[in-house]
Every structure is written in structure tokens, then in C-alpha cells.
Amino acid sequence: MAQTPGARSYSFPKEEHLCRKKLIEELFGRGSSFGLYPLRIVWLPAPAPTSAPPQVLVSVSKRSFKRAVDRNYLKRLMREAYRLNKYRLTEAPGGHPVGTMAIIYTGKEKKPFALVEKKLISGLERLLADATPTAVAESVS
């Protein structure tokens, strides 16, 4: 299926899922993070700015949500919100500096999709704002 130039891809294929244990340990060991209740975003910069989507991990605590049904529902919400809004990263002018990223649900109760999506959008925008100056400063020095 051929895409027209400029058409957005709203897919979230397996290649974009962060699964490798070594990469996950590196992300949580060396990564930067910030919280936007009910989400927490942990990210690790890419070696150079890129327009390729980062690898993403989606997680919900078993301590907060005992029932797998509830955890799966929240993970589905977060994946959908990311899938619909990842273009904010991939279409950033000059590329984005994010290599790997984790989206963690830290809330204690289920929130509606609209709130999760709103927080994820502001998280992606903050990620671009926080990460871009450091990437530029590193390339200058």
C-alpha cells in the first residue's frame, strides 16, 4: 500500500515497541524523567536527532492495579494515545532527540482517555522542549 507524500502513519508496529531487557535497563539506569500525573515519562536521547519514531515501553504498576483487566485497559489507552500523537515527535523540525522512551501510568485510579491523551500530548511537547536545547548544546561543543 503506497502512501502519499506528507501522509501520516498512525501505526504502532512491533519495531517501535521497546522489548530488549538490556535497552530497558539502560533506559531506567541512565534516562531522564518527568511526571505529568497520572503519567511519568522516562527517556534516553538518541546519538543524533532523527525523524524515526523512538522505541516505546508502556507500563502500568501491578501494585496499583491488581486485576490484569485493569492494567491491560490502561496500557491500551496509553498505546492508543501515543499512536495517535507520535507524529508530534516524528514531524518535529530538524528531527527529535529521543532514542528510547517509557510511558508509565502512576495514577491510583483509572482515568478517561481524554485526560490520558491530553497529558501524553503535553509530555511529548515538554520532551521536545527539554531535549532539543541539550542536543543542540552537545553538537556545538
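A salt bridge here is a side-chain nitrogen of Lys or Arg within 4 Å of a carboxyl oxygen of Asp or Glu. The model is predicted, so local features need pLDDT of at least 70 and side-chain atom pairs count only at pLDDT 80 or more, while totals for chains, interfaces and linings use all residues. Residues are numbered from 1 along each chain as its sequence is written, and side-chain values use heavy atoms, leaving out hydrogens and water.

**View 1. E91 reaches R8 through a salt bridge.** The N to O distance is 3.1 Å. E91 sits in the loop between α3 (87-90) and β4 (96-105), and R8 in the segment before α1 (21-30), 83 residues apart. Helices (H or I, at least four residues) and strands (E, at least two) are DSSP runs, numbered from the N terminus.

**View 2. K110 pairs with D70.** Their closest N and O atoms are 3.2 Å apart. K110 is in the loop between β4 and α4 (113-140) and D70 in helix α2, so the pair ties together parts 40 residues apart in sequence. D70 counts as buried at 14% relative accessibility, and K110 as partly exposed at 45%. (Buried is under 20% relative accessible area, exposed over 50%, partly exposed in between; 1.4 Å probe, protein chains only.)

**View 3. Helix α2 has its buried and exposed residues on view.** D70, R71, L74, L77, M78, A81, Y82 and N85 are buried.
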